[in-house]
Amino acid sequence: THKILQGKLNFKRLGLLVESVLKSATWDKGDLKLKKEKLDLHEIINEVSGNILIQVETKLGVIVRELGAKKSIITADRVHVTNLIYNLLDNANKYSPITPKITIKTENLKAGILLTVADKGQGIKRENLNKIFEKFYRVPMGNVHNVKGFGLGLNYVKAIVNRHGGEITASSVFEKGAAFKIYLPFYHDEIS
């Protein structure tokens, strides 16, 4: 019971963190302030997935972690990278209405890390796939939107990835799931 309560408190704290960024960051205007530091991406993944697991388990789902990257230290903004992972896992859970199976994995690629978040949920129709990174766009999925969430959106996720010198791609088979691949370099020196 204590573990569940602590998890709920952590999840709530993370939620407040996400909401505060949503209210304050006008990321679409390039006014996104980054506070970069050396951090362990695997540590953040474990923290966020541990918190979201409580929500996933209420639907009898699982989160599979395959953290294969041998080098997992990157120079990045801890708050925004935490939000990025939170958003992807929250979406994967939200759009998996029945027994979610979410996989999050890492591998080293070039001079950085390739992060993949995949689910076996509703998926995204081909005609909607090229719109998902637009600001405030939500994939039409009937009553799935009744699920509560902080909904920073994939537009925010893309902005964070871009500001860290990375790349993001999405693939999906409708009604079979979706996958997001994010490449983050170990270090990216922003040009003012």
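The protein exposes about 10700 Å², of which carbon and sulfur atoms supply 53%. The model is predicted, with a pLDDT that averages 83 over the protein. Of the 192 residues, 45% count as buried.

**Architecture**

- The protein contains five helices and seven strands.
- Read from the N terminus, the elements follow the order α-β-α-β-β-α-β-β-α-α-β-β.
- Among contacts with a separation of 6 or more, 75% are accounted for by residues 24 or more positions apart.

**Confidence**

- A pLDDT of at least 70 is reached by 74% of the residues.
- Over residues 1-5, pLDDT stays under 50, and the model has one contact beyond four places in sequence for this segment.
- Residues 143-151 also have a pLDDT that stays under 50, but for residues 143-151 the model has 19 contacts beyond four places in sequence.

- The structure holds one cavity of 30 Å³ or more, and the volume of the largest cavity is about 40 Å³.
- Its lining consists of Ile74, Thr75, Ala76, His164, Leu184, Pro185, Tyr187 and His188.
- Two or more residues of this lining come from each of β3 (73-77) and β7 (177-185).
- Strand β3 gives the most to the lining of the largest cavity, with three residues.
- By residue class, the lining of the largest cavity comprises five nonpolar and three polar residues, and no charged ones.

Note on methods:
Residues are numbered from 1 along each chain as its sequence is written. This is a predicted model: local features need pLDDT of at least 70, side-chain atom pairs count only at pLDDT 80 or more; totals for chains, interfaces and linings use all residues. Side-chain values use heavy atoms; hydrogens and water are left out. pLDDT is the predictor's confidence in each residue, from 0 to 100. Contact means heavy atoms within 4.5 Å. On a 1 Å grid over the protein atoms alone, a cavity is a set of points where a 1.4 Å probe fits but cannot get out, and a pocket is an open set with protein on both sides within 12 Å along at least five of seven lines; lining residues have an atom within 4 Å of a point. Grid points are joined across faces, edges and corners, and a volume is the space filled by probe spheres set on the points. Helices (H or I, at least four residues) and strands (E, at least two) are DSSP runs, numbered from the N terminus. Ala, Val, Leu, Ile, Met, Phe, Trp, Tyr, Cys and Pro count as nonpolar, Asp, Glu, Lys and Arg as charged, and the others, Gly among them, as polar. Buried means under 20% relative accessible area, exposed over 50%, partly exposed in between (1.4 Å probe, protein chains only). Accessible areas come from the Shrake-Rupley method with a 1.4 Å probe; for residues, only the protein chains shown count as cover.
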